[in-house]
Amino acid sequence: MDVLFLTHRDCALHDMGEGHPESPDRLRAIWRALDREEFAALHRDTPGEATREQLERVHPPDYVEAILRIRPPEGEMVPLDGDTLMNAHSARAALLAAGAAVQAVDEVCAGRVRRAFCATRPPGHHAERRRPMGFCLFANAVVAARHAQAAHGVERVAICDFDVHHGNGSQDVVQDDPSILFLSSHQMPLYPGTGAAEETGCGNVVNAPLRPGADGAAFRAAWENTLLPALRAFAPGLVVISAGFDAHARDPLAQLRLTEADFAWVTEALCAAADDGCGGRVVSLLEGGYDLHALAASAAAHVRALLRA
Ligand SMILES: [Zn+2]
């Protein structure tokens with residue numbers, strides 16, 4: 001199975017300071033994990049920057065401009081909220097993260113590869129239309145979805161988010177857009193506080209909250225019984241995965257108890273659903289995951305499943 005792996009070393013220059021969990025070491029851990037013989041079949045490339053036009057399909061022009069104007073001198077940081085900061089390199093990293101999402105869509109929609117995984121940062125699923133939040137600046141998954149629609153004529157796109165936190169930003173952007181389905185499993189209660197099952201957008205949002213302490217069986221049941229049936233019924237032309245690995249039992253920011261095997265399982269299930277409905281087209285974007293060992297092992301399990309499925 002042809003799988004594209006996109007990453008960029010400049011995404012590791014975005015640094016929110018000593019001790020911040022969303023650290024450059026996260027990418028280095030994934031690079032090491034995928035630098036092995038079993039991943040030799042991956043097509044590896046580096047993304048370019050997203051354009052204003054691509055970002056403005058998701059965020060208002062004045063928001064995009066305001067974020068990109070924040071370029072503090074080397075060694076200084078600008079705080080945007082309690083836990084989201086920008087250094088001298090953050091704007092470029094954000095452009096590369098969104099650009100990777102766009103390039104992955106281009107490659108998958110052109111049929112040059114069937115799946116793609118983007119290991120980039122900052123992540124995206126907490127960024128709302130007009131607000132950076134929770135380590136996120138641009139809503140990369142929605143940038144991918146809207147690019148598939150605008151540039152490749154894909155009618156319906158599903159965003160499948162298994163990060164342990166609710167993707168409030170992705171939901172905020174798409175909740176009035178019936179051409180994009182947003183599916184999310186996440187721990188509740190937990191940051192950011194949204195994601196109740198009652199939040200259904202315009203009928204295009206399905207949230208499956210999980211109790212603290214829930215394990216892989218509860219996670220799989222949520223996907224099997226609630227989220228995957230909604231995905232199949234929607235019959236999208238492309239599946240975008242918001243791949244956060246912080247539902248792992250070792251993660252310090254949450255209390256779910258998933259293992260690498262659960263991430264492999266959900267990846268295979270999403271690929272199988274994509275094979276049924278949309279020619280197998282899957283674009284996966286890194287979101288959270290803050291225990292470096294668990295992150296590396298989980299991302300490897302995810303990519304192994306993309307290669308196999
Ligand atoms: Zn998360």
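At what angle do helix α1 and helix α9 pack, and how far apart are their axes? In this predicted model, local features are reported at pLDDT of at least 70 and side-chain atom pairs at pLDDT 80 or more, while totals for chains, interfaces and linings use all residues. Residues are numbered from 1 along each chain, and side-chain values rest on heavy atoms, without hydrogens or water.

Helix α1 (residues 25–34) packs against helix α9 (residues 292–308) at an angle of about 45°, and the axes lie 9 Å apart, an axis being a line fitted to C-alpha atoms over the stretch in contact, with angles from 0 to 180 degrees between N-to-C directions. Helices are DSSP runs (H or I, at least four residues) and strands likewise (E, at least two), numbered from the N terminus. Residues of α1 including Ala-29, Ile-30 and Ala-33 take part in contacts with α9, where the partners include Leu-295, Ala-299 and Val-303; contact means heavy atoms within 4.5 Å.

The zinc ion is coordinated at 2.0 to 2.8 Å by two entries for Asp-163 (OD), by His-165 (ND1) and by Asp-246 (OD), donors being N, O and S atoms within 2.8 Å of the metal (3.2 Å for Na, K and Ca), with water not among the atoms, so sites may look incomplete. Along the chain the donors follow the spacing D-x1-H-x80-D. Because His-165 lies in the loop between β6 (157–161) and α6 (168–174) and Asp-246 in the loop between β9 (238–243) and α8 (260–277), the pair ties together parts that are 81 residues apart in sequence. His-165 counts as buried at 7% relative accessibility, as does Asp-246 at 0%, where buried means under 20% relative accessible area, exposed over 50% and partly exposed in between (1.4 Å probe, protein chains only).
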